[in-house]
Amino acid sequence: MFDREIDINPWIKITLIMSKPIIILGFAGSLRRNSYNKALLYAASELVPKDTKLEIFSLEGFPPFNQDLEDRMPQKVKEFKAKIRAADALLIATPEHNYSVPGVLKNAIDWASRPYDDNSFEGKPVAVMSASPGMLGGARAQYHLRQVLVSLNMHAINRPEVIVGSVDEKIDEKGNLTDEETRKRIGQLLESLVDWTKRLKKK
Ligand SMILES: Cc1cc2nc3c(=O)[nH]c(=O)nc-3n(C[C@H](O)[C@H](O)[C@H](O)COP(=O)(O)O)c2cc1C
């Protein structure tokens, strides 16, 4: 909910309470059909606070980044940039590949950050989750991603951290997140992201 002042005419000024939902755009750095990170995003879509919608965007179909194409962006990139612009906040779920962010995710981020004067991520609030069957839950990738978010001038939520280790034991064969503690943390992360988004909008 946002307060918005409207001038009807020079003598009348009214404040409307707008009940516009907060739109979060979520994407996962995995193309795998049964991706655990995608499963976290699906769980998040069930756990969003009221007056909030989570829209999930697939990173399928991005060509490898090529700076020569910046002045004629591929259609997929145009769609991604438009979705980011339209969203109030972002939610990223990242796997860990060789202790870092998967190339698929970095490639999509690099596209949307360009051209130089049209970084779609500029000033956006963002929350991050990571998941791995390993014990560290993709923590190393998550912290590489957080460094990238600084470069993009995004405003990331610091807590709660959602780092899901042994994720293969927490998601069932249908892709449902069954671990209650993880569901609770994702719910808290989303509350925190929405609160942060509203605070930034008031400025
Ligand atoms: C190229 C590659 C590198 C990987 N490196 C790591 C790693 O450094 N740390 C880790 O915890 N898991 C690593 N894994 C395992 C992934 O965590 C695992 O494949 C996971 O399921 C990927 O996430 P997804 O289910 O969302 O696709 C790696 C997997 C691949 C394919």
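## Ground rules

Contact here means heavy atoms within 4.5 Å. This is a predicted model, where local features need pLDDT of at least 70 and side-chain atom pairs count only at pLDDT 80 or more, while totals for chains, interfaces and linings use all residues. Residues are numbered from 1 along each chain as its sequence is written, and side-chain values use heavy atoms, with hydrogens and water left out.

## Gly137 and its surroundings

Let's start with a glycine. Gly137 sits in the loop between strand 6 (125-131) and helix 4 (139-151); helices (H or I, at least four residues) and strands (E, at least two) are DSSP runs, numbered from the N terminus. Leaving out residues up to four places away in sequence, Gly137 touches Ser130, Ala131, Ser132, Ile163, Val164 and Gly165.

Is Gly137 buried or exposed? It counts as buried because its relative accessibility is 1%, and buried means under 20% relative accessible area, exposed over 50%, partly exposed in between (1.4 Å probe, protein chains only).

## Around the ligand

Ser132 turns up again here: an N or O atom in its side chain is 2.7 Å from an oxygen atom of the ligand. Ser30 has a polar side-chain atom 2.7 Å from a ligand oxygen, and for Tyr99 a polar backbone atom is 2.8 Å from one. Taken alone, the ligand exposes 620 Å², and the protein buries 68% of that (Shrake-Rupley method, 1.4 Å probe).

## Nonpolar cores

A nonpolar core is a set of buried Ala, Val, Leu, Ile, Met, Phe, Trp, Tyr and Cys residues joined through side-chain atoms within 4.5 Å. The largest has 27 residues, and Ile24, Leu91, Met129 and Ile186 have the most contacts inside it. Elements giving two or more residues to this core include strand 3 (22-28), helix 1 (36-47) and helix 5 (180-202). Apart from it lies another core of 26 residues, Val101 and Trp111 among them.

As for Met129, its contacts include Leu40, Leu91, Val162 and Ile186.

Most residues other than glycine have a negative phi, and most peptide bonds are trans. Two cis peptide bonds are worth a look: one joins Arg114 and Pro115, with omega about -5 degrees, and another joins Arg159 and Pro160, with omega about 0 degrees.

Then there's positive phi. Asp51, in the loop between helix 1 and strand 4 (52-56), has phi near 65 degrees and counts as partly exposed at 37% relative accessibility. Asn98 has phi near 50 degrees and is exposed, with a relative accessible area of 80%.

Note on methods: Polar contact = N/O pair within 3.5 Å; in protein donor to acceptor, adjacent residues only side chain to side chain.
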